[in-house]
Amino acid sequence: MPTRQTATKPKPYLLYAIDTKGKPVHIDSVPNGFSCGCKCPHCNSELQAKNGGNERAHHFAHKNGADCRGAVESAIHCLAKEILKESLYVMLPDYAGELRFDKVESERNFPDLKLRPDCVGYYGGKSLWIEFKRTHEVDAHKAGKIISARNDCIEIDLKYCEQDKEKLREFITQNSENRKWIYSSEYGVGLAEHAASNRNSSKKDDFDLESVKLERHFAIDEGGTLIDFRVPSEFDAINHSYYCPNCGKEVVVKVDDNGRYSFDHIDENISCDDEMYLRGAAVAAIQKSFENSKSFLIDVPQYRYCKQGDKCPCNQECRIPTIRQYDLKSYHFVNCKKDYKFNDVSYRTDLVLYSENIQKNAIEVRVNTENFENEIETPRRLIEVTVYSENDVCRLKHGLKEFDNVRFSGFDENAKETANPVEIKRDVLKYTIYASGKIYIGPVKCTELHSSQNRLNVIKEGVFVRTNGCVEDMYDFLHLHFKMLQNELCCCRLCSYLKKSNGLGGDYICIRYKKVGTPKNPLKEKNPPKECLYFREDFNILKRENELNEEMEIVELS
Ligand SMILES: [Zn+2]
Ligand SMILES: [Zn+2]
Ligand SMILES: [Zn+2]
Ligand SMILES: [Zn+2]
């Protein structure tokens, strides 16, 4: 296991230097003083071997005792390269086993990539680049270029290693720690079906807030086109530069120690919000799909209304949702402008789709995120898209069709087609008042509303279009409502015990008057016969008349 150096430990002496043959040599294997003929592995200046005597630790020193930062790191790097060339094998990341080489080259130049990998190991017609990580990366574009070139490459971090050749050999060839894939054709970038975390071990125990940062796979190239570095045909860091979809600053692919691949700003001090990055990428994705396809489909939600039309008492409610697909391009919306400012609104529109005249015939496209939403009203038709993740951006590359989080405003909501009420399957609350005085309230299909109309014992029927939900109140409301029709429907007419007498006058009499003590002629009474069990007009209900009228609404069936 590598040992961690503590901050208090003094700076280590330089124990290895480069000899005249270009190989790293140990301080104890060279002549004393400048006659050692060795050079600094970092700055290449001549070194003095201080290896006489037993008082001080033997070491190489720069002329005049100059302090060469990075000399020790470079010495360890040179040793590592030498070890690889001697051993001809390396232990791969993630305990993927050791890889044995036929040959190892170091410092080979690849002019087309402008890269010089530390080592290249050749095996069975294939090759693996081995990079030893530097504390200060010189070429920020390196990882992106390696991925674009599809060169298998691992990076080994030697920061916990010391100038001890045997320990270093053990670390490189026996240990799987502190190394990661930069690119692997097996687990590689570009194979979108591989989850990013599979490429290197996901060290969940190292969890900290930092790792919650979004992995950014999208960037904009010089031409303003959105690219995804996981897509081999889109990403080419050898010939292109890439920029942040939000802030526009240059970005490069970086591979962090947890093996997460992400576009990151070259300037690490830029703070660029992840949600705003998603927005920028989504806008660019929609624009790309609009510009690259012959058609641009949108699925606008509409309603098909009940074909009974005015005859349907539930009218506005009686409908089923449907989707109307438009191809905006066939409606002459063939132009697209990003970040456009209309004079009649205060904001800049993310995207405008328009035909000939942007002022006269335009559709606005807005992109929202979880915490960012532009709610300002616009006089134009509006398409609002909400993105939550990079997956949403991927889907937007194929347009708005079938994208879930889209809202349309200002588009026609009425479908040309009507709906058969059978399809609507909507229950309406129907009431039926029978001659017996019974009232029935219950759900029926709007098509079944008229079925009982010809039944002789039905006095009134209709539907509730609005209620307060309380069934008792609905009964009371109906009694009150039909009290208004005094002649036809006085409350006792709702009572099955009120019968027309056979006498000369033909009056209505209550046939139970002898038993329950109600008036014989309730319709002739000045005051309503409260004591009758079947007489519903009680004064408490009367007091609620206004309240119930506000809460409920019925439509009578004609
Ligand atoms: Zn030096
Ligand atoms: Zn940015
Ligand atoms: Zn209907
Ligand atoms: Zn009665």
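Along the sequence, the donor residues of the zinc ion (ligand 2) are laid out as C-x2-C-x17-H-x6-C. This is a predicted model, in which local features need pLDDT of at least 70 and side-chain atom pairs count only at pLDDT 80 or more, while totals for chains, interfaces and linings use all residues. Side-chain values use heavy atoms, with hydrogens and water left out; residues are numbered from 1 along each chain as its sequence is written, and chains are lettered from A and ligands numbered from 1 in the order in which they are written.

In that C-x2-C-x17-H-x6-C site, Cys244 (SG), Cys247 (SG), His265 (NE2) and Cys272 (SG) coordinate the zinc ion (ligand 2) at 2.2 Å. Donors here are N, O and S atoms within 2.8 Å of the metal (3.2 Å for Na, K and Ca), and water is not among the atoms, so sites may look incomplete. The angles among the 4 donor atoms run from 96 to 127 degrees, and the site is tetrahedral (for four donors, all angles between 85 and 135 degrees). Ideal angles for four tetrahedral donors are 109.5 degrees.

Over at the zinc ion (ligand 1), the spacing reads C-x2-C-x18-H-x5-C. The coordinating atoms belong to Cys40 (SG), Cys43 (SG), His62 (NE2) and Cys68 (SG), sitting at 2.2 to 2.3 Å. This arrangement counts as tetrahedral because its 4 donor atoms subtend angles of 101 to 117 degrees. Cys40 is buried, at 2% relative accessible area, whereas Cys43 is partly exposed, at 36%.

Technical notes:
Tetrahedral: all angles 85-135°; square planar, octahedral: opposite > 155°, others 65-115°. Buried < 20%, exposed > 50% of the residue type's maximum accessible area, 1.4 Å probe, protein only.
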